Amino acid sequence: MEEIEVKSLTKDYGHGRGIYDVSFTVHKGEVFGFLGPNGAGKSTTMRHLMGFSKPQSGEAFIHGLSCWKDHARVMREVGYIPGEVALPEGLNGAGFLQMMQGLRKSPSSRITELLDLFEMDPSGSMKRMSIGEKRKLAIVAAFMGDPDTLLLDEPTSGLDPVMQEVFIDFVKGEKEKGKTVLLSSHIFSEVEALCDRIAIIKEGKIISTVNADDVKHFKRKTFDITFADEDSYRRFPAEGFEIRQAFPEERKVSVAVDDSQSDAFIKRIVNYTVKSFVENPQTLEDYFMHFYKSDRSFGDIAHGKRKRH
């Protein structure tokens with residue numbers, strides 16, 4: 001069953017900004033990852049799903065409801081964390097949650113549970129809250145009504161690493177309850193940990209949609225090679241294989257090799273004096289970089305990575 005359906009959604013803001021013919025579905029009980037750098041079109045798509053923006057063409061549906069025509073009902077039924085949290089001034093966090101509780105019909109026990117989990121004190125003025133505190137408040141507001149469908153736009157932005165892990169574990173638990181989640185992110189580890197399927201968006205267009213398990217079988221491998229002598233290290237780049245990283249002091253290179261190049265790669269490498277040769281498992285980052293390797297805009301993604309414990 002399709003809980004979220006996006007059909008040829010287009011919104012052109014000019015100067016190459018917007019989304020163009022975006023189509024995908026999210027099935028009931030699925031966590032669907034929307035992966036791309038800042039400015040690729042993730043938040044624009046999310047805003048159309050929430051009915052905040054009218055598409056120039058195409059349609060979007062949640063629970064069979066038109067996201068534009070049935071905007072008010074979608075707002076009531078869907079949990080949403082915006083990419084940029086803008087909270088009303090003049091209230092403290094507790095007042096904001098009380099206001100949201102009236103709209104969501106949320107039990108107080110659920111709110112208390114979420115506040116405890118994310119170590120959030122809602123008594124302070126929202127005007128004085130840090131970015132991380134505002135993010136926590138948005139998380140509580142999104143999940144307090146226990147909605148079946150959630151739209152999470154860069155949900156861990158501004159959280160410290162400990163809270164990022166708490167959030168990931170929490171969403172895993174929600175997934176086990178059968179919740180449907182669209183997760184927009186530029187953090188590989190977050191997407192890998194949570195998602196069943198992943199769509200990669202570039203310059204407003206979806207360029208690949210893949211099952212998370214299939215990424216591991218992508219026909220492209222990376223090898224870490226440490227050469228035993230300086231001459232081998234200096235000669236190897238002339239072989240023409242894609243060197244992703246080089247470490248001159250260690251005489252080490254990280255090489256990406258397509259499946260069609262494997263035989264040639266092995267035949268060439270035996271002509272060099274090698275100290276160590278390590279094949280790395282395929283990662284989501286490797287798959288993503290296959291599409292973005294010639295695009296400088298992936299820098300924010302590289303900086304968004306974090307080590308998982």
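**View 1. No disulfides turn up anywhere in this structure.** A disulfide here is a pair of cysteine sulfur atoms within 2.5 Å. Cysteine 67 is in no disulfide, and its nearest cysteine sulfur, on cysteine 195, sits 19 Å away. As for the model itself, it is predicted, with local features needing pLDDT of at least 70, side-chain atom pairs counting only at pLDDT 80 or more, and totals for chains, interfaces and linings using all residues. Residues are numbered from 1 along each chain as its sequence is written, and side-chain values use heavy atoms, leaving out hydrogens and water.

**View 2. Cysteine 67 is buried.** Its relative accessible area is 1%. Buried means under 20% relative accessible area, exposed means over 50%, and partly exposed is in between (1.4 Å probe, protein chains only). Cysteine 195 also counts as buried, at 6% relative accessibility.

**View 3. Strands S1 and S2 make a hairpin.** Strands (E, at least two residues) are DSSP runs, numbered from the N terminus, and two of them pair if DSSP finds at least two bridges between them. S1 (residues 2–14) and S2 (residues 17–27) run antiparallel, joined by eight bridges. Glycine 14 has arginine 17 in S2 as its bridge partner. Two residues lie between the strands, and histidine 15 in the turn has a positive phi of about 60 degrees.

**View 4. S1 also pairs with S4.** Five bridges link S1 to S4 (residues 57–62), again in the antiparallel sense. Look for lysine 7 opposite glutamate 59 in S4.

Technical notes. Helices (H or I, at least four residues) and strands (E, at least two) are DSSP runs, numbered from the N terminus.
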